[in-house]
Amino acid sequence: MLIDHPLLGPRDEAEFVILGDAGLIDRPDWQAEDAAQLFHDYLHLRDNPAGEHRELWFHEQGDRSWLVVTRNTLTHEIVRVELARDVAIARGRDR
Amino acid sequence: MSGPFRLDGGAVDRSRTLAFRFDGRSLTGHPGDTLASALLANGVRLVGRSFKYHRPRGVFTAGSEEPNALVELRSDAHREPNTRATVTELFDGLEAWSQNYRGSLRRDLLAVNDLIAPFLSAGFYYKTFMWPKSFWEKVYEPAIRASAGLGRLSGEADPDSYDKGFLHCDLLIVGAGPAGLAAALAAGRGGARVILADEDFVMGGRLTAETHEVNGRSGADWAAEAVRELASMDRVRLLPRTTVTGAWDHGIYGALERRTDHLAGSNGKPRQILWRIYSRRAILAAGATERPIAFGGNDRPGVMLAGAVRAYANRFAVGAGKRVGLFTNNDDGWRTAADLARKGVSVAAVIDVRDREPAAEVPGARIVTGGRVTATRGRHGLKGVTLANGERLALDCLAVSGGWNPNVHLTCHHGGRPVWREEIAAFAPGDGRPGGMAVAGAAGGAFTTAAALAEGHRAAVEALGGLGLSAAAGEPPGASDEAVEAAPFWHVRESRGRAWLDLQNDVTVKDVEQAHREGFRSVEHLKRYTTLGMATDQGKTANVGALAIMAEQTGRSIAETGTTMFRPPYTPVPIGAFAGRSRGREFQPSRLTPSHDWAARRGAVFVEAGLWLRAQWFPQAGETHWRQSVDREVRQTRGSVGICDVTTLGKIDIQGRDAQEFLNRIYSNGFATLAVGKVRYGLMLREDGMAYDDGTTARLGETHFVMTTTTVNAVLVFRNMEFARQCLWPGLDVHLISATEQWAQFAVAGPNSRALLRKVVDPEHDISNEAFPFMACGEVGVCGGAPGRLFRISFSGELAYEVAVPARYGEALMEALMAAGEEFGAVAYGTEALGVMRVEKGHAAANELNGQTTARMLGMQRMVSKRKDCIGNVLSERPEMNRGDGLELMGFRPVDRSEPLAAGAHFLAPGAEAVTENDEGWMTSVAWSPELGHSIGLGFIRNGHARIGETVRAWDGVRGRDVAVEIVPAHFLDPDGERLRG
């Protein structure tokens, strides 16, 4: 597969490490009432869609960017690649 | 003229003669020959034995689809079994042996299998070798193994080298027949970056084997001219002798180029190259493969595919026989008769299954329309055939054509299924093709030369248009549409004797019928029950015929019956090519520590730690056992001073205004109060609350920290920290960089470590206990101004330091430390001594931090802060991980001090049965303590702290040991840490 890195252009899959569902960006509040349940769900409950999936990939043999790659798990078509940092900020993550 | 069957013309170079040996017999051929064509030219018809029945077999095809003519090529360690003679270029001195027989090829002792064939039909193995059960290992398996397999491996290491490479192009064209050449010309003339790959050593595909005309000249000449033009284009790369073996995602293709297989030796050059080709578009112009017709005795040497017989005559100038017959269901088969007649080969008969007017005039030939061949004769080669009408014909070669199958393989590598097209009576590419792939010519079912040329041209124009590139406009090369009509015809029902479908795996029509009777009717079941298509040729000439017969049996259409999947590789790829240069020591990179050469000169024994090679111990003269070396290193370190290269520990440089806050969230224990010039031990949890790494972090400045991780987790910790930085807390001002390789670091441990370092650290730095106490750190000059960092940390439990310098000074520092230590008797120590000392101190390492342990188990529950947000703290509070009677890290010593201990032993109460229910924990690490004079161990045991002094059993079922051990605290030496603070 080729991943079109937003900063570096198309790079071979072999340069990357995959983590999985991009939902891992949405880490719950540790002080929430039901923090244990929220963290359980955050860590263990993932969708495994046959189709488009937003995934976290790490450019380990490259610039060390974490990327959010939207990939069709049936065809391996990659429809969008974003810097995970931008996605995280857009989802309200800060400090 | 070499050989009695050599004809005039062709593309062999008669000016040179090549000598070769087959089964020890000396023969000759010419450049341009394959081993198969040279054997046929010499009249060698019997070239091997079949897999199961050991039937005599001869050359069947003229290409990579060959099921029969497999040989062992070359000798000694270079021997390569199952090499297809049909694609092996002849070279001077070639040596080949036939394979798969016992005794001699002509008198194969295992040919007895053929006599008992009625017992060896489909499912034979599954039915026969079931009973008695005990016979499988002792009798059946050894017997089957002895008679199975085709050629023999040399059993030696492969002496050749292989490479891997990467290529990029706008357009990859697979196959250099008329469609591929027309496509390459259009794209190349337009200036596109083109790669044209073909498995043959001469480009041109069927044009090299036919007498068709292109642009008014012979097809072979036109192809040669096209190749010359393409070779002159800077942006076109020609890859002859290259098989595109698979289609991967996003236009990536795998290809095997055979660089020196056509030479007597590789001469130090890579024998083969496995290319990874990145293409923006691809055109599959892989042509088609002829299929046979099944009839009685159709496996005899001399029965060949008609297109192959034509290729041998036209291209290789070889007559496959002196008296040839044709058996066909289509117009193309007639072309073989016409071409042979033109070449002066006697064509004795043309038998067309279709009841119609002859498609061509063949002088002197007996023409039988509506005819059937029902049987053949001839022990080691064809002598004649019998027709359904009872007529007997004397023939030494029968050319058979059952029509052509498009080579759809690469269109199916992403799960696409070919579709049956009734009008061409063949499977053609369907949906689900790899993205960016177009199909042109016979691969797509367009069987005429004119259609192939036009489709190739058009496919190139369309592909480049889609990329915004221009292809040369204009007309495709011209040719006429030859007659290609075919009537589906799969096997002769009136056959006498077995009718073969899969020649290599000996699958007959009867086997398919039997599979149907016994319920194995889906194509996937059929394949596995009969082994159809499972040989090295993957059934390229066999599968469709067998499907057709299954369709007849079930009463369904072929379209409904479907095909099995095609997966890469298209043809076999040697394991050596996949390995490339990654063999032996080079299987993966070796990371060497800065003192590696120094240690090697001292005779160190090395151990792999991930990719690193670390000194394990340093044997000295007179030491014959590793324990002697390790005990000495430990004693001398604890007694005076020892030095160990600890560069392999991961080092991460952390800087930024929020670096401290960031660390406070990465480690489970607090880092908010760490002062400049201090080091702190830190524990890391996974988000699920389990411990996964530990190490120290030093604060060198207000906004500058240096972290160490364990050697094995260095990459993972860095990855996770980048995740936290970019994805969880993108607003924190913090930056990370790995500095593992940039800094050499040495532990200097033992009561004389300060005295030693006083001689190495520049004098302006005060390293007295008062000025530089335990857990101090700072930037220092060493050896007269070299930049260094000094950390007062201890893994050994002794007064100890770690000193770091830029990696380029590492070896010099090692030498300086050893020289300075000479007056103290300083030793270099390796990872074994390091391990002994950490077990003596009860420090957790990889055996304890194995991903299944909690902070509480490690006795570090107080290191999980509940007052801050950090990775893993929420889920570390799960009740099951905090049970009062949970596993706890403890020390163990044998009640009988002379007993050795073993890691992996499980703890049981005295007298308890060794069953899982009674398991109380396990031993994680053991060592022999030179200081205590007996074995010691660390391990996890339930409720350990409350049980100090209790005796349990360390039961080791694997090694058959059962040792009484006493539970003790994990700190065997200096429990209050007086040494390291001194």
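Over the ring of which residue does the charged end of Arg665(B) sit? The ring is that of Trp729(B), with the charged end 5.0 Å from its centre. Arg680(B) lies over the face of Phe671(B), at 5.8 Å from the ring centre. A charge counts as over a ring if NZ of Lys or CZ of Arg is within 6 Å of the ring centre and within 35 degrees of the ring normal.

This is a predicted model, in which local features need pLDDT of at least 70, side-chain atom pairs count only at pLDDT 80 or more, and totals for chains, interfaces and linings use all residues. Side-chain values use heavy atoms, without hydrogens and water.

Over all chains, the structure holds 17 aromatic pairs. Rings of Phe, Tyr and Trp (its six-membered ring) pair if their centres lie within 6.5 Å; planes under 30 degrees apart are stacked, over 60 edge-to-face, and the rest tilted. Tyr312(B) and Phe316(B) form a tilted pair, 5.6 Å centre to centre with 40° between the planes. Both Tyr312(B) and Phe316(B) are buried. Phe520(B) and Tyr529(B) form a stacked pair, at 3.8 Å and 10°. Phe520(B) is partly exposed, with a relative accessible area of 28%. Tyr529(B) is buried, at 8%. Here buried means under 20% relative accessible area, exposed over 50%, and partly exposed in between (1.4 Å probe, protein chains only). Phe58(A), Trp66(A) and Phe723(B) form one aromatic cluster.

Notes:
Residues numbered from 1 in each chain as written. Chains lettered and ligands numbered in written order.
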